[in-house]
Structures are given as C-alpha cells and as structure tokens.
Amino acid sequence: MIKRVGFVIAALLLALLFFEIDSHLRNAILTSTNFIKSTVVKTLDNIDAFFYKYLNQADKIAQLQRENRELQKSQLLVADLQQHLQSLMHDCNISLPYKVDLRYVRALAYEKFGDFTALWLDTKLQSQNIAGLLKGEYVAGIAIEKNGKTLALLNGNTKCSYGVIIGEKAQGVATGSGDNRFVIVKYIPNYENFHVGQQVVTSGLDKIFVYGLKVGVVIKIWQEGSYKVAKVRTFANLSHPRFFWLMKL
C-alpha cells in the first residue's frame, strides 16, 4: 500500500515537473515567435519605407531634371534675346535707364504681433530707395529701410503703394487695403474705361518695379470725387511669407 502511494506521488511529481517544463517551453516558444514576428514586421516596414522614399526621390529627380532642361532652354532664349537687344541698342545709340537687381531674401519676423502686413527681412537696402517685392512671379509689396533694417510692407499694408495699369492703359496707384489678399487702386482718371475681371500689372513708372509684373484682377469699381477706384484681388499668396524676390532698380 505504501509503495502504491509512493508511486502515485512520484507520478504526480513527474507530471507536475513535465507540465512546468512544458509551460516554460511554450512560453519560450511564444516569446521567440512574437520576437520573430515583430522583427519581420519591422523589417518589412523598413523595406516599404525605403522603397517608397527611393521611388519618391526618383520621381522628384526626374521632375527636377525636366524643370532644369526647361530652364536651360529659357536661359538660351534669354541670352539670344539679350544679344539682339544689345546689338539693336548699339545701332540706335540708346541705353536702358536702369539696371535690375534681383535678390532672394528671407523673412525674419513680423514687425508687430498680430499685424501680418509688415515683415523684417534678412537683407539691407543700402540706400534710401524703395524696392519691390515679388512672391514668385507676382507682386507682393514693397520694401523700405527703417532703423537701419529692411522692412517689407506687403500688399495689405496701408503704407504700401506702387504704380499700376488696369487693362490696356488705365493708370492708378495701388495701395494697401489692410488685407494681403486685396489692394485698392486709387487716382484712376474718370475718363478711363475698364471693367471687372481685367488684369492689373505694374506700370514701371514708379522706379520700384519694371513694367508688366502681375498684381491681380479687378473685382469692384466705384467713384470717389473726380476719380475712379478699383478693388483688386491680388495673385500673390502671402499666407506663408517666408521667401521673396527683392527687386531694386
């Protein structure tokens, strides 16, 4: 009887021992499997990210190469036109009244908190002259010297003004409206005929901009005294004003 009890106890102990070993073994296998799964998933994610990045870079490189070819073509055409212009000017004994200096500049900070129409720029005008500001190909405002630094007065600033032409020949002065999306063109002679939807460009007569730079489109016209006034929706997107072209004549 005692032998039987001892045998049963021994069998139970062996069963418990094997169960414990089996449990540890299962846990070890599960842990290893989870680690392998995690490693495989991370590896696949890294491979996907690598190929996605590579393919995007390849597309971007191809796009930049196309743009570079177009720029090279434009550069050759401009060089050819400049050569013809210089020959014509030499034959006619004439010279241009000014030279255009274009500089790529960065915005540093707004002049005043809450006023999105005036910005400090990381450049110096080195003169008292007013310079023009472009956002891409569109007029963005003007730049002046203030306290030894360069201040950008964007299209919405009420102190910003420059000469413009509406349509074919209606001249006026564009001034800030308080909103960078619009300018108000004042002092348009009453006899000039133009209409809503016509394009507004720089006149080139203010020694700020050259002629023909795009400003915006007329959206409203009214009368003030002996002059006409037009509200213009500007082309330049100034919601993220980080970089500009500074034009000095």
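This is a predicted model: local features need pLDDT of at least 70, side-chain atom pairs count only at pLDDT 80 or more; totals for chains, interfaces and linings use all residues.
N147 lies in the loop between β4 and β5. Residues are numbered from 1 along each chain as its sequence is written, and side-chain values use heavy atoms, with hydrogens and water left out.

N147 has a phi near 55 degrees, a positive value in a residue other than glycine. Most residues other than glycine have a negative phi. At 69% relative accessibility, N147 counts as exposed; here, buried means under 20% relative accessible area, exposed over 50%, and partly exposed in between, with a 1.4 Å probe and protein chains only. K207 also has a positive phi, near 60 degrees. This lysine is found in the loop between β9 (199-202) and β10, and it is exposed at 70% relative accessibility.

**The overall plan**

How many helices and strands does the chain have? There are 1 helix and 12 strands, where helices (H or I, at least four residues) and strands (E, at least two) are DSSP runs numbered from the N terminus. Reading from the N terminus, the order is α-β-β-β-β-β-β-β-β-β-β-β-β. Of the 249 residues, 29% count as buried. Contact means heavy atoms within 4.5 Å, and among contacts with a separation of 6 or more, 53% come from residues 24 or more positions apart. The chain exposes about 17400 Å², with carbon and sulfur atoms supplying 60% of it; such areas come from the Shrake-Rupley method with a 1.4 Å probe, and for residues only the protein chains shown count as cover.

**Inside: two nonpolar cores**

A nonpolar core is a set of buried Ala, Val, Leu, Ile, Met, Phe, Trp, Tyr and Cys residues joined through side-chain atoms within 4.5 Å. The largest one has 27 residues, and Y162, I166, V185 and F209 have the most contacts inside it. Several strands each supply at least two residues of this core, among them β4 (138-146), β6 (161-166), β8 (182-189) and β10 (214-224). Leaving aside residues up to four places away in sequence, the partners that F209 touches include L133, I142, Y162, M247 and L249. A second, separate core of 15 residues includes L121, A140, A236 and L238.

**Two buried threonines**

T123 is found in the loop between β2 (118-121) and β3 (131-135) and counts as buried at 11% relative accessibility. Its side chain makes a polar contact with the side chain of R103 at 2.5 Å. A polar contact is a pair of N or O atoms within 3.5 Å; within protein, one must be able to donate a hydrogen and the other to accept it, and residues adjacent in sequence count only if both atoms are side-chain atoms. Not counting residues up to four places away in sequence, T123 touches R103, V105, T150 and L246.

T234 has its place in strand β11 and is buried, with a relative accessible area of 4%. A polar atom of the T234 side chain lies 3.2 Å from the backbone oxygen of N180.

**Salt bridges**

A search of the whole structure finds 4 salt bridges, each a side-chain nitrogen of Lys or Arg within 4 Å of a carboxyl oxygen of Asp or Glu.

| Pair | N to O distance |
|---|---|
| R103 and D101 | 3.6 Å |
| E111 and K146 | 2.6 Å |
| K169 and E192 | 3.1 Å |

E111 lies in the loop between β1 and β2 and K146 in strand β4, so their pair ties together parts that are 35 residues apart in sequence. K169, in the loop between β6 and β7, and E192, in the loop between β8 and β9, link distant parts of the chain, 23 residues apart.

**A patch on the surface**

V100, L102, Y104, W245 and L249 make a nonpolar surface patch of about 460 Å². Patches are made of residues with over 30% relative accessible area and no salt bridge: like charges are joined within 9 Å, and nonpolar side chains (Val, Leu, Ile, Met, Phe, Trp, Tyr) within 5 Å. V100 sits in the loop between α1 (2-92) and β1 (101-110) and counts as partly exposed at 43% relative accessibility.
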